[in-house]
Amino acid sequence: FNMPKDYSLAHCVAEDMSMGSGIAVQFSQQFKRREDLYSQRQRQGGLAVLEDNGRYIYYLVTKRQSSGKPTQQTMWNSLQKLQNHISENEVKKLAIPRIGCGLDRLEWSQVKAMLEYTFKDTDVAITVCNFQQAEEDVGVDRSVPIKRNKCFVKNERYPISDIESSTAIIYFGTEDGFISEDIKNLDKKFGIIMDY
């Protein structure tokens with residue numbers, strides 16, 4: 001939302017256009033006109049469009065219900081419609097979050113590959129922006145003090161060996177090479193000590 005006003009914007013929604021979580025909340029608050037979107041009657045794999053002072057606001061309809069999840073196929077279909085609209089209307093700049101990869105849980109590497117393929121023969125500049133969710137949207141424990149900046153801090157307590165394989169780990173070691181029991185347990189699961 002901080003991009004210059006000559007950028008069109010895009011994000012993902014459901015057919016019901018409820019936009020009750022994630023970045024969709026901010027799109028709904030900033031651009032309103034939900035009835036205009038709903039009246040376009042787009043189904044999953046479709047694209048709803050608003051015009052806003054000479055630019056377009058794109059709503060990629062990638063799932064049936066807000067509580068559902070998109071598939072790669074519905075994302076692909078919506079991206080094809082997005083590309084067609086952008087080409088037909090000579091849009092030159094587009095800003096997006098990592099569409100479909102926040103609450104919708106698609107893999108960014110796959111969505112990025114779809115974007116690159118879909119727009120390879122166009123001259124549109126696509127800027128991918130990072131979206132920082134507000135605390136009230138993600139259930140931050142207010143009893144834990146956090147620094148107020150653009151970094152989201154999440155505090156969960158569970159055994160370190162239960163960490164999922166896609167999680168980044170920051171480990172502060174010592175100069176003498178001491179290896180804690182936590183890291184030994186993690187090494188049993190992921191085999192990281194040799195790389196460390």
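Trainee: Which exposed residues sit on the face of H4 turned away from its buried side?
Mentor: That face carries Ser109 and Tyr117, where exposed means over 50% relative accessible area and buried under 20%, with partly exposed in between (1.4 Å probe, protein chains only). Residues are numbered from 1 along each chain as its sequence is written, and side-chain values use heavy atoms, with hydrogens and water left out. Keep in mind that this is a predicted model, in which local features need pLDDT of at least 70 and side-chain atom pairs count only at pLDDT 80 or more, while totals for chains, interfaces and linings use all residues.
Trainee: And which residues of H4 are buried?
Mentor: In helix H4, which spans residues 108–118, the buried residues are Trp108, Val111, Met114, Leu115 and Thr118. Seen down the helix axis, they fall within an arc of 125 degrees, so they line one face of H4; the arc is that of the directions from the axis to the C-beta atoms.
Trainee: What covers them?
Mentor: The cover includes helix H3 (72–88), strand S4 (93–96) and strand S5 (125–128). Helices (H or I, at least four residues) and strands (E, at least two) are DSSP runs, numbered from the N terminus.
Trainee: Zooming out, how many helices and strands are there?
Mentor: The protein chain has six helices and five strands, and from the N terminus they run β-α-α-β-β-α-β-α-β-α-α. Of its 196 residues, 35% count as buried.
Trainee: Which residues have the most contacts inside the largest nonpolar core?
Mentor: They are Tyr58, Leu60, Leu82 and Ile99, in a core of 23 residues. Such a core is a set of buried Ala, Val, Leu, Ile, Met, Phe, Trp, Tyr and Cys residues joined through side-chain atoms within 4.5 Å. Strands S1 (8–14), S2 (46–52) and S3 (55–63), together with H3, S4 and H4, each give two or more residues to this core. Apart from it lies another core, of 16 residues, among them Leu37, Leu50, Ile57 and Tyr59.
Trainee: What does Ile99 touch?
Mentor: Not counting residues up to four places away in sequence, Ile99 touches Ala10, His11, Cys12, Leu60, Met75, Leu79, Trp108, Val111 and Leu115, contact meaning heavy atoms within 4.5 Å.
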